2 protein chains.
Amino acid sequence: MLIEPQVLKGFRDFLPLKASRRLRLKRILEDTFESFGFMPIDTPVLEYKKVLLGKGGGETDKQIYEFKDKGKRDVAMRFDLTVPFARFMAAHLNELYLPFKRYHIDKVWRGENTQKGRYREFVQCDFDIVGTDNSSADFEILLLMYRSLSNLGVQGITIHLAHRGIFNRFLEKIGAAKESVEIMRNVDKLGKIGEVKVKSFLNEIITHDQTEQVLDYIKPEMTFLETLKKITMLSGGTSPESERLKEIYSFITYLDLQDTFLLDPSITRGLDYYTGIVFETFLDDLPSIGSVCSGGRYNNLASLYTKQQLPGVGSSIGLDRLMAGLEEIGLFAEDNSGTDIVILCMDEKDENEYHLLAERFRKERFSCELYFSKKKLSAQFAYAERKRIPIAVFYGTDEIRAGKLTIKNLKNRENISMISFEEAVKTCRNIIEG
Amino acid sequence: MLIEPQVLKGFRDFLPLKASRRLRLKRILEDTFESFGFMPIDTPVLEYKKVLLGKGGGETDKQIYEFKDKGKRDVAMRFDLTVPFARFMAAHLNELYLPFKRYHIDKVWRGENTQKGRYREFVQCDFDIVGTDNSSADFEILLLMYRSLSNLGVQGITIHLAHRGIFNRFLEKIGAAKESVEIMRNVDKLGKIGEVKVKSFLNEIITHDQTEQVLDYIKPEMTFLETLKKITMLSGGTSPESERLKEIYSFITYLDLQDTFLLDPSITRGLDYYTGIVFETFLDDLPSIGSVCSGGRYNNLASLYTKQQLPGVGSSIGLDRLMAGLEEIGLFAEDNSGTDIVILCMDEKDENEYHLLAERFRKERFSCELYFSKKKLSAQFAYAERKRIPIAVFYGTDEIRAGKLTIKNLKNRENISMISFEEAVKTCRNIIEG
């Protein structure tokens, strides 16, 4: 009786092309983070349930993968990378320096409703600066978001920015401070459910007049500075929070990035956790997939685990969602398998020559593989084609005797016969680059 | 009430230096595998329990992390990368080409006894060629093991090689075929428990005379060929299996790797799964940590899930164990944080200049970070030292006005004052390389 080789609902295998793409994206992100002095950390996939859930009680609890391990401990698989990071900071404060800049790219698990096209296992990518409350650090996270996406080859992004502190001042001013959490959660849905629905939800929480004021507040003006002027006024005049946005805007203009940033007071990021700036990032070519990178400033990362106050600012890229978006835009149309050269099997008795030749190509930084066992050339070419290998090498008895080789450009089926290894290296470089 | 920020027994946090090391090792391995035309795949961490355990009943079952998910499915976390790979091959046969060369580097979980210094979460690194039974493929896996370790900077490894088929012929010849699984499992322990204990275990299974013959069989002679001659004779003369070893040896000598390989008939790799060559790899400088890379040839990878016969050959590196070994040898003594340059904070009003300068250094491929907020220089230097950053940049009002900068070499505390950006780039390269 065979076992059906199926995976769980909401879980996925990644075939080579896709796995390779994701690895490539990961590397670009790692390199970008490291160019800014961010360091990787790693934490366990499994943790004590009480550590991950804290006070608990939210939506997340229902979605968590939890169980009793064989030592009867209540354990859970991490559902994000923020909670483990907070726990990590509290556990290792004495071993770390502040400000601490870390990134973490890895899988998380949530038992989401898969009917919405959501996955239960997906890759998150978080980066944070902890231990400083400074506008320059706020800007660095924004800059790093921009650099990450542009290094990935993404053209046309807009980062929507707001400040929860100013929103709170405004709500206090219009007498809606008590309802602020609920108001922000509703405003946060604006992009998904539209103004009409947000309005009707708000009307259930606050007066009609207050609702109108909120709807006015969250509308951006034509420019960053005009919007800033408006929300400053609506929130009772200049404040440390409005000054913070002004400083950030001065960094933005100094680095000539004003086209990328939009001051958008409707951004609130639902979570209570954030206390300062908040932001979301949209692809101009694909707004429908929603924000691909978002985050904000918080004033106390690890309050569940330590008395030490740890202010910080951070952001998170939904790598799987971003990758799906980039696939839709067509960013990967051109990619191949990663193998440059296949050495065809002309005669099994020459396989040791093939290994030696492959090693020579590898020393020249080509990715080079052997086709094993002598099959018809048509079968060998079919293999190369399925794997999208651009170059085949004939290294038959004649070639070996003459110390030469024959190259076949599989893109145009052209043969370049009986050339030296050095010529072959040049030819292969041209084929790959051209 | 604070929650204690502790991790589960047998699980670990990785602080930046160590996480960064592991990432670096991973990348070297990925690059090496890809240079041989191997492609990455990914499979879920959670799978149906019946898929992972198959017929089950072994030692592994007791160690597995398993539970019922919220949809009442029996699920388990993967305990290796081989079983998911077998399931993957069966599930995707129609989408793949054969021979299929894949690698997979990721975490696996086993509820091991932590008193033996073992971890319950660790990283495995598997690579296989599936769909061919060919000596050239056998050799390629061996060559790839060698290249992987030498690209990691490991000097002095010995790959111990044997062939289970020859051992089986020999056991049949001495009338111990029925006991072969048990005999091999005991011989497999030779390195750990020594000859005396193996002998006494064998004596419980087979006659004293047979035990003596087995102990003679498993002793290597002075050279590969002498050992091959002996085991060929003891197993009844030339066979396809002895020919296979001969072919592999011819590849080994053709690529001038004979110093790295030892024909060692005591290698059996306990598992029934293997049917052809088997191998283990030891570090000459640290034999005590045991094999860091091992595997073998199997004749049917995915028999639990599909009727299609899938012969293959593969190997697995215990990345965490290898890393611990390399740390012990001192291979990482010199590594730093990855950040090349820190721009000191002389005056917060100039922070926009610092961002601009940092971006210029990043364009020149330096990793460059800002120190946020104006603290005493001694505090800023202490930060750089803890993070092992080799270069500090002073970019004060004088420097900015003059369009110059001042570099401090933190290795020798030397200042290079008021130089141009281009000179600074050269100076920084020299400091990092020297």
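The same surface serves both copies, since 99% of the contact residues of chain B recur in chain A, where two residues are in contact if their C-beta atoms, placed from the backbone, lie within 7 Å. This is a predicted model, in which local features need pLDDT of at least 70 and side-chain atom pairs count only at pLDDT 80 or more, while totals for chains, interfaces and linings use all residues. Residues are numbered from 1 along each chain as its sequence is written, and chains are lettered from A and ligands numbered from 1 in the order in which they are written.

**How the two copies are related**

- Two copies of a chain are related by a rotation about an axis and a shift along it.
- The contact between the chains takes 83 residues from chain B and 82 residues from chain A, and helix H1 (residues 16-35) of chain B gives the most to the side of chain B that touches chain A, with seven residues.
- By class, that side of chain B has 41 nonpolar, 20 polar and 22 charged residues; here Ala, Val, Leu, Ile, Met, Phe, Trp, Tyr, Cys and Pro count as nonpolar, Asp, Glu, Lys and Arg as charged, and the others, Gly among them, as polar.

**Chain A as a whole**

- Chain A has 16 helices and 16 strands, which are DSSP runs numbered from the N terminus (H or I for helices, at least four residues; E for strands, at least two).
- Taken along the principal axes, the C-alpha atoms of chain A fill a box of roughly 90 × 55 × 45 Å.
- Of the 434 residues of chain A, 45% count as buried; a residue is buried if 20 or more other C-beta atoms lie within 10 Å of its own, exposed if 12 or fewer, and partly exposed in between, with C-beta atoms placed from the backbone.
- Among the contacts in chain A with a separation of 6 or more, 66% are between residues 24 or more positions apart.

**A helix pair and the nonpolar core**

- The axes of helix H7 (residues 180-187) of chain A and helix H8 (residues 190-205) of chain A come within 8 Å and cross at roughly 150°, and H7(A) and H8(A) are therefore roughly antiparallel to each other. The contact of H7(A) with H8(A) has seven nonpolar, one polar and one charged residues.
- Axes are lines fitted to C-alpha atoms, for helices over the stretch in contact, and angles run from 0 to 180 degrees between N-to-C directions; those under 35 degrees count as roughly parallel, over 145 as roughly antiparallel, 65 to 115 as roughly perpendicular and the rest as oblique.
- The largest nonpolar core has 238 residues, and those with the most contacts inside it are Ile343(A) and Ile343(B); such a core is a set of buried Ala, Val, Leu, Ile, Met, Phe, Trp, Tyr and Cys residues joined through C-beta atoms within 7 Å.
- Not counting residues up to four places away in sequence, Ile343(B) touches several residues, including Tyr354(B), Leu357(B) and Val393(B).

**Single residues in their surroundings**

- Arg164(A) is found in helix H6 (residues 164-173) of chain A and is buried, with 23 other C-beta atoms within 10 Å.
- Arg164(A) and Gly276(A) are 112 residues apart in sequence, yet their C-alpha atoms are 5.5 Å apart in space.
- Val83(A), in helix H4 of chain A, counts as buried with 21 C-beta neighbours inside 10 Å, and Val83(A) touches Leu52(A) and Arg78(A), leaving aside residues up to four places away in sequence.

**Backbone features**

- Most residues other than glycine have a negative phi, and most peptide bonds are trans.
- The peptide bond from Leu98(A) to Pro99(A) is cis, with omega near -10°, and Pro99(A) is found in the loop between helix H4 (82-92) and strand S5 (100-109) of chain A.
- Arg365(B), in the loop between helix H13 (351-363) and strand S13 (368-370) of chain B, has a positive phi near 75° and counts as exposed, with 12 C-beta neighbours inside 10 Å.
- Arg388(B) has a positive phi of about 55° although it is not a glycine, and Arg388(B) is partly exposed, with 13 other C-beta atoms within 10 Å.
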